[in-house]
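Let's walk through a structure together, one feature at a time. Have a look first, then ask away.

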Amino acid sequence: MLQLGAEKAVSFDNGLDGSVAEDCFFAMRAYKEGFSFDFVEGEMWEKSPFSLWDFVQQRKRWLQGILLVVHSPTIPWRNKLLLGISCYSWVTMPLSTSNIVLAAICPIPCPPLMDFACAFIGAVNIYMYVFGVVKSFSLYR
C-alpha cells in the first residue's frame, strides 16, 4: 500500500534512471524526501523464473536497474550509500567467490585488504539473502 501523499510528492514518473527498477528509485526518492518505510505483513504470490536462463535474465534486469538508481544524479549519495554498497557487493560477488577457489588451487599470499574486501563482499551477500529469506517465509506456517 502506498500513501497518496508520498506518491504525489515523489511520483513514479522518474525518467530513464527510474524506468527499470522503478520501485527502488521510488524508495530512494521517498527516503530523500523524509518518508519512512515499514514491512507490510501479508503474503505475496508471484511467479518465479521457469528456467536458469530466465533467472539470470531477471537478475540482470534487477542489477541494471539498481545500477541506474545508484548512479542517478537526482539522489544524493548520503541517501543511497547502503544501496550502493549492497549493489557493488552483488556485482563483485563472482570475483570474491572465485577467490575462494583460486586460493585453494594456488595458495599465494594475499594482501590483507584484499582478504577483507572478499570477506566483506561475501558477508554482505549472505546477510542480504538470509534477511530476504527471513522476511519472505513465515515461521508460523
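**What covers helix α2**

The cover over the buried residues of α2 includes α1 (4–10), α3 (52–70) and α4.

Q: Before we go on, what kind of model is this, and how are residues numbered?

A: This is a predicted model, where local features need pLDDT of at least 70 and side-chain atom pairs count only at pLDDT 80 or more, while totals for chains, interfaces and linings use all residues. Residues are numbered from 1 along each chain as its sequence is written, and side-chain values use heavy atoms, with hydrogens and water left out.

Q: Okay, so how do I read "α2" and "buried", and which residues of α2 are buried?

A: Names first: helices (H or I, at least four residues) and strands (E, at least two) are DSSP runs, numbered from the N terminus. Buried means under 20% relative accessible area, exposed means over 50%, and partly exposed is in between (1.4 Å probe, protein chains only). In α2, which spans residues 22–32, the buried ones are Cys24, Phe25, Phe26, Met28, Arg29 and Ala30. Just past that helix, glycine 34 has a positive phi of about 100 degrees.

Q: Where is glutamate 33, and how accessible is it?

A: Glutamate 33 sits in the loop between α2 and α3. Its relative accessibility is 44%, so it counts as partly exposed. Along the sequence, glutamate 33 and phenylalanine 12 are 21 residues apart, and their C-alpha atoms are 14 Å apart in space.

Q: What about the loop between α3 and α4?

A: You'll find proline 76 there. Proline 76 is partly exposed because its relative accessible area is 23%.

Q: How do I read a surface patch, and which residues make the nonpolar one?

A: Patches are made of residues with over 30% relative accessible area and no salt bridge, with like charges joined within 9 Å and nonpolar side chains (Val, Leu, Ile, Met, Phe, Trp, Tyr) within 5 Å. A salt bridge, by the way, is a side-chain nitrogen of Lys or Arg within 4 Å of a carboxyl oxygen of Asp or Glu. Here, Trp77, Leu81, Leu82, Ile85, Leu113, Phe116 and Phe120 make a nonpolar patch of about 790 Å². Two or more residues each come from α4 (77–91) and α6 (112–136), and α4 gives the most, with four. Take phenylalanine 116, which lies in α6: it counts as exposed because its relative accessibility is 53%.

Q: Now for serine 89: is it buried or exposed, and what does it touch?

A: Serine 89 is in helix α4, and at 3% relative accessibility it counts as buried. A contact means heavy atoms within 4.5 Å. Leaving out residues up to four places away in sequence, serine 89 touches Phe120, Ile121, Val124 and Asn125. A polar atom of the serine 89 side chain also lies 2.8 Å from the backbone oxygen of isoleucine 85.

Q: And what does asparagine 125 do on its side?

A: Asparagine 125 lies in helix α6 and counts as buried, at 6% relative accessibility. Its side chain reaches the backbone oxygen of serine 89 at 2.9 Å. With residues up to four places away in sequence left out, asparagine 125 touches Ser89, Trp90 and Met93.

Q: How many disulfides are there?

A: A disulfide is a covalent bond between the sulfur atoms of two cysteines. The cut-off used is a pair of cysteine sulfur atoms within 2.5 Å. This structure holds zero disulfides. For cysteine 106, the nearest cysteine sulfur is that of cysteine 110, 12 Å away. For cysteine 118, the nearest is also that of cysteine 110, at 6.5 Å. Cysteine 118 is buried, with a relative accessible area of 17%, whereas cysteine 106 counts as partly exposed at 42% relative accessibility.

Key
Areas by Shrake-Rupley, 256 points an atom, 1.4 Å probe, with all protein chains shown as cover. Polar contact = N/O pair within 3.5 Å; in protein donor to acceptor, adjacent residues only side chain to side chain.
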